[in-house]
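Reader: Please take me through the packing of nonpolar and aromatic side chains in this structure. Keep it brisk.

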Amino acid sequence: MEWLRNIVINLPLDDISDAASRLTIWWSHFVANVPPDMLPMYAYVGFSVMVLLLWLLVVRVMPSPFGGMSWLAVFAILLAPGSAAGETGDIAPASIGVIYGILMKEPGAAMRSLLPILVVFAVGLVLGFIWQMIKNAVESSAEQARQQAIADEKANMQLASANYVDLVQGDTEASQAELVKTQKSVPIAKDSNKDN
C-alpha cells in the first residue's frame, strides 16, 4: 500500500485542478446558448465523438480488419438510436435500453433495444466491405499505372542514351525462343542428291 500512497502524494493536484477549472469554463462558454433540454444530447454526442477519436489510437495497434470492426462496434454501441423508457418517445441511445432491459429482467425489452445496435453494426460492415473493395481497386490501378510509368521512363532513358540493344533484348529473346520451337516442329527436308 506504500506505492499507492506514493502515487497519491506525487500527483500534481494543482495542475489537475487548473486543467479541470479551464475545462469547466470552456464547457460553460461552449453551451451558453444551448437550451437546457438539449444539453444532455450535446454532452452525450460530444463525449461519444471523443471516445471514438480516442478509440482510433487503439485501432492503429490492432490488425486491420479487427481494428475497424472494433471501432464500428463501439460506434454502434454508443450512437445507435433507440427510444427512451416510458411513453415520451424521445430518442435515446439503444445501449441504455439494453442495460435497462437487463437490469429490469425484461429480456424482450433488451432484445428490442439490441436490434438497432445490430442493424447499425451490420450496415457498417457492408459499407466497410464496399469501401475496402473500392480502395483495393483504386490502389491496384494506381500500382499498375506506376509500374507502367516506370517502364516507360526506363524505355525513354534507353532511347535517349542510344542503348537500343537493351531495349530490344527482351523482344529478341522471346522471338528467338519462338524460332527454336518452330524449327523443332518443322521437318527438315532430306537432301535428294544423297538418296540418288
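Author: A nonpolar core is a set of buried Ala, Val, Leu, Ile, Met, Phe, Trp, Tyr and Cys residues joined through side-chain atoms within 4.5 Å. Buried means under 20% relative accessible area, exposed means over 50%, and partly exposed lies in between (1.4 Å probe, protein chains only). The model is predicted: local features need pLDDT of at least 70, side-chain atom pairs count only at pLDDT 80 or more, and totals for chains, interfaces and linings use all residues. Residues are numbered from 1 along each chain as its sequence is written, and side-chain values use heavy atoms, leaving out hydrogens and water.

Start with the core. The largest nonpolar core has five residues: A76, A80, A94, V98 and I117. Take A94 from that set. Contact means heavy atoms within 4.5 Å. Not counting residues up to four places away in sequence, A94 touches A80, P81, G82, S113, P116 and I117.

Now the rings. Rings of Phe, Tyr and Trp (its six-membered ring) pair if their centres lie within 6.5 Å; planes under 30 degrees apart count as stacked, over 60 as edge-to-face and the rest as tilted. The whole structure holds five aromatic pairs. One of them is tilted, because the ring centres of W27 and F47 are 6.0 Å apart and their planes stand at 35°. This pair links distant parts of the chain: W27 sits in helix α2 (residues 13-30) and F47 in helix α3 (residues 39-61), 20 residues apart. Helices are DSSP runs (H or I, at least four residues), numbered from the N terminus. W27 is partly exposed at 26% relative accessibility. F47 is partly exposed too, at 46%.

W71 and F75 make a stacked pair, with 5.7 Å between centres and 15° between planes. Both lie in helix α4 (residues 64-79), four residues apart, about one turn of the helix. W71 has a relative accessible area of 27%, so it counts as partly exposed. F75, at 28%, is also partly exposed. There is a cluster as well: W26, W27, F30 and F47 form one aromatic group.

Back to helix α3, which also holds S48. S48 is buried, because its relative accessibility is 3%. Leaving aside neighbours within four places in sequence, S48 is in contact with L78 and L79.

Definitions and conventions. Helix = DSSP H or I, 4+ residues; strand = E, 2+ residues; numbered from the N terminus.
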